[in-house]
Amino acid sequence: MQHTDKNYENQINSINEKLVMMGSILEQQFSDALKVVASRDQNLANKVIEKDDLINQLNHDISDLVFQIIAMRQPMADDLRFLFCSIKIIRDLERIGDHLTTVAKKGYRVSTNIPDQLIEKLEVLGGKASVMTHDALNCLFERKLAQADQIAERDDIIDDLHGNFIKDVLSYMKENDDFIPDSLALIQISKGIERIGDYVTNIMEEVHFLIEGKYNNS
């Protein structure tokens with residue numbers, strides 16, 4: 001939407017740019033967090049944790065700018081909808097960053113004696129959630145409504161993988177009580193990834209509202 005007030009347009013564009021930056025950092029954070037699970041690389045884990053500070057700062061910057069625009073500019077129609085959606089979206093993006101930080105923190109501490117099969121299943125789960133997040137961010141920035149609904153449906157697949165993984169870990173715990181702390185860490189990692197799928201679904205609902213002006217009740 002074009003605006004006659006260039007300063008106002010720059011403010012709206014700034015929010016878009018910061019959203020893109022936030023999404024880009026999250027995608028790198030996601031990739032690195034999954035590598036930590038596979039490699040137990042503490043230095044990489046620390047990088048994931050450091051990126052969370054950037055996510056939090058962008059969250060604050062966008063929030064401040066949105067409320068400044070609402071207070072000073074009295075936006076209407078599409079702009080107002082975009083601003084309200086942005087506030088909800090950055091909240092979910094910030095929470096995704098929190099869970100990725102947890103994945104990294106837990107991931108590098110897991111014993112290398114844990115069976116490769118469990119780590120591989122966790123990587124499959126994380127990979128699907130990572131792709132879902134990537135596609136969701138593209139959908140947000142390109143305003144693709146049909147894809148928004150399709151992406152949200154993938155959360156069921158992530159839920160099923162998470163449920164099956166928990167069963168596998170619990171079975172392993174029963175036979176290997178020396179690895180109970182590691183097994184509990186794996187469960188926390190899987191739960192964090194599963195929650196990311198929920199937050200991505202929330203974002204897709206906001207994209208639906210952003211484009212259609214109403215939430216998807218299907």
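Predicted model: local features only at pLDDT ≥ 70, side-chain atom pairs only at ≥ 80, totals over all residues.

Me: In what order do the elements of the chain run from the N terminus on?

Reply: The chain has seven helices and zero strands. Read from the N terminus, the order is therefore written with helix symbols: α-α-α-α-α-α-α.

Me: What share of the residues in the chain is buried?

Reply: Buried means under 20% relative accessible area. The chain has 218 residues, and the buried part of them is 46%.

Me: Is H1 roughly parallel or roughly antiparallel to H3?

Reply: Helix H1 covers residues 6-39 and helix H3 covers residues 77-107. They pack with their axes 10 Å apart, at an angle of about 20°. Angles under 35 degrees count as roughly parallel, so H1 and H3 are roughly parallel.

Me: What is the handedness of the crossing of H1 and H3, and how many nonpolar residues does the contact have?

Reply: The crossing of H1 and H3 is left-handed. Sorted by class, the contact of H1 with H3 has six polar residues, two charged ones and, for the class asked about, 19 nonpolar.

Me: How many Å does H2 reach from its first C-alpha to its last?

Reply: Helix H2 takes in residues 42-73, which is 32 residues. At 1.5 Å a residue, 46 Å is expected. The reach of H2 in the model is close to that, at 46 Å.

Me: Which helices are included in what covers the buried residues of H2?

Reply: The buried residues of H2 include Leu 44, Val 48, Ile 55, Leu 58, Ile 62 and Ile 69. Asp 52, Asn 59 and Ser 63 are also among them. An α-helix has 3.6 residues a turn, so residues three or four places apart point the same way. The cover over the buried residues of H2 includes H1 and H3.

Me: Is His 162 buried or exposed?

Reply: His 162 sits in helix H6, residues 155-175. Beyond its neighbours within four places in sequence, His 162 contacts Leu 125, Ser 190, Lys 191 and Glu 194. Its relative accessibility is 12%, so His 162 counts as buried.

Me: What distance separates the C-alpha atoms of His 99 and Ile 189?

Reply: His 99 belongs to helix H3. Leaving out residues up to four places away in sequence, His 99 touches Gly 192, Arg 195, Ile 196 and Tyr 199. His 99 and Ile 189 are 90 residues apart along the chain, and their C-alpha atoms are separated by 8.3 Å.

How values were computed
Residues numbered from 1 in each chain as written. Heavy atoms only, no water. Axes fitted to C-alpha atoms, helices over the stretch in contact; angles between N-to-C directions. Helix = DSSP H or I, 4+ residues; strand = E, 2+ residues; numbered from the N terminus. Parallel < 35°, antiparallel > 145°, perpendicular 65-115°, else oblique. Left-handed = near helix turned anticlockwise from the far one by under 90°. Nonpolar A, V, L, I, M, F, W, Y, C, P; charged D, E, K, R; others polar. Expected span 1.5 Å × (residues − 1). Buried < 20%, exposed > 50% of the residue type's maximum accessible area, 1.4 Å probe, protein only. Contact = heavy atoms within 4.5 Å.
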